[in-house]
Amino acid sequence: MSFTYSPGNLPFQRLRDVRAALLQLHKALLHSERDRYERFHGRIRSKGEFFQLVVQDEWFSWLRPFSQFIVQIDEALSAKEPITLHQANELLDEARYLVSPNEAGTNREQRYYQAIQRDPNIALMHADVSRLLSRSKR
């Protein structure tokens, strides 16, 4: 039996909730990294300059998987073909991987770990996302 996206299906609602929480976390991470970048490199003069840095500068590269993953969820939820329960669960598994900080892990995992350590708001958002993901395990 294959389930597809329906507003009343719990895994799909959790996916939407995780997406919203990830978006807030992503914005906080961008803000935090901007502050750090400006301490080292000086003030970023405009939103356009900041956007170019986020897209192209190595400093912000660890955040790109967050951006790409949020887009991936959006595309899955708005696709013409309904998302299946299996696909929703795969996306939730990917989210768990994405928000796994590790002091000794990959660059992304280390930088995420550092962001959680230096910013209490990010730590709280991480806890919220983790809580949502722990409730959505199969």
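Colleague: A contact means heavy atoms within 4.5 Å. Among contacts in the protein chain with a separation of 6 or more, what percentage comes from residues 24 or more positions apart?

Modeller: This is a predicted model, in which local features need pLDDT of at least 70 and side-chain atom pairs count only at pLDDT 80 or more, while totals for chains, interfaces and linings use all residues. Residues are numbered from 1 along each chain as its sequence is written, and side-chain values use heavy atoms, with hydrogens and water left out. For residues 24 or more positions apart, the share of the contacts with a separation of 6 or more is 64%.

Colleague: How many helices does the secondary structure of the protein chain contain?

Modeller: Helices (H or I, at least four residues) and strands (E, at least two) are DSSP runs, numbered from the N terminus. Read from the N terminus, the order of the elements is α-α-α-α-α-α. The protein chain has zero strands, and its helices number six.

Colleague: What percentage of the residues in the protein chain is buried?

Modeller: Buried means under 20% relative accessible area, exposed over 50%, and partly exposed in between (1.4 Å probe, protein chains only). The protein chain has 138 residues, and the buried share of them is 37%.

Colleague: Which residue forms a salt bridge with Glu 33 at 2.6 Å between the closest N and O atoms?

Modeller: A salt bridge is a side-chain nitrogen of Lys or Arg within 4 Å of a carboxyl oxygen of Asp or Glu. Both partners of this pair, Glu 33 and Arg 111, are buried. Glu 33 has its closest O atom 2.6 Å from an N atom of Arg 111.

Colleague: Within helix 1, how many residues apart are Glu 33 and Arg 36?

Modeller: The side chains of Glu 33 and Arg 36 form a salt bridge, with N and O 3.4 Å apart, and both residues are buried. An α-helix has 3.6 residues a turn, so residues three or four places apart point the same way. In helix 1 (residues 10-41), about one turn separates Glu 33 and Arg 36, a spacing in residues of three.

Colleague: Which residues does Glu 33 contact beyond its neighbours within four places in sequence?

Modeller: Glu 33 has 0% relative accessibility and therefore counts as buried. Its C-alpha lies 8.2 Å from that of Ala 115, which is 82 residues away in sequence. With those neighbours left aside, the contacts of Glu 33 are Trp 59, Phe 60, Trp 62, Leu 63, Arg 111 and Arg 118.

Colleague: Is Asp 128 buried or partly exposed?

Modeller: Asp 128 and Arg 131 form a salt bridge with closest N and O atoms 2.3 Å apart. Both residues belong to helix 6 (residues 120-135), three residues apart. Arg 131 has 45% relative accessibility and is partly exposed. Asp 128 has a relative accessible area of 37%, which means that it is partly exposed.

Colleague: How many salt bridges does a search of the whole structure find?

Modeller: The pairs of Glu 33 with Arg 36 and of Glu 33 with Arg 111 are among them. For the whole structure, the number of salt bridges found is eight.

Colleague: Which exposed residues lie on the face of helix 2 turned away from its buried side?

Modeller: Phe 50, Leu 53 and Val 54 are buried in helix 2 (residues 47-56). Down the helix axis, the buried residues of helix 2 fall within an arc of 100 degrees, so they line one face; the arc is that of the directions from the helix axis to the C-beta atoms. On the face turned away from that buried side, the exposed residues are Phe 51 and Gln 56.
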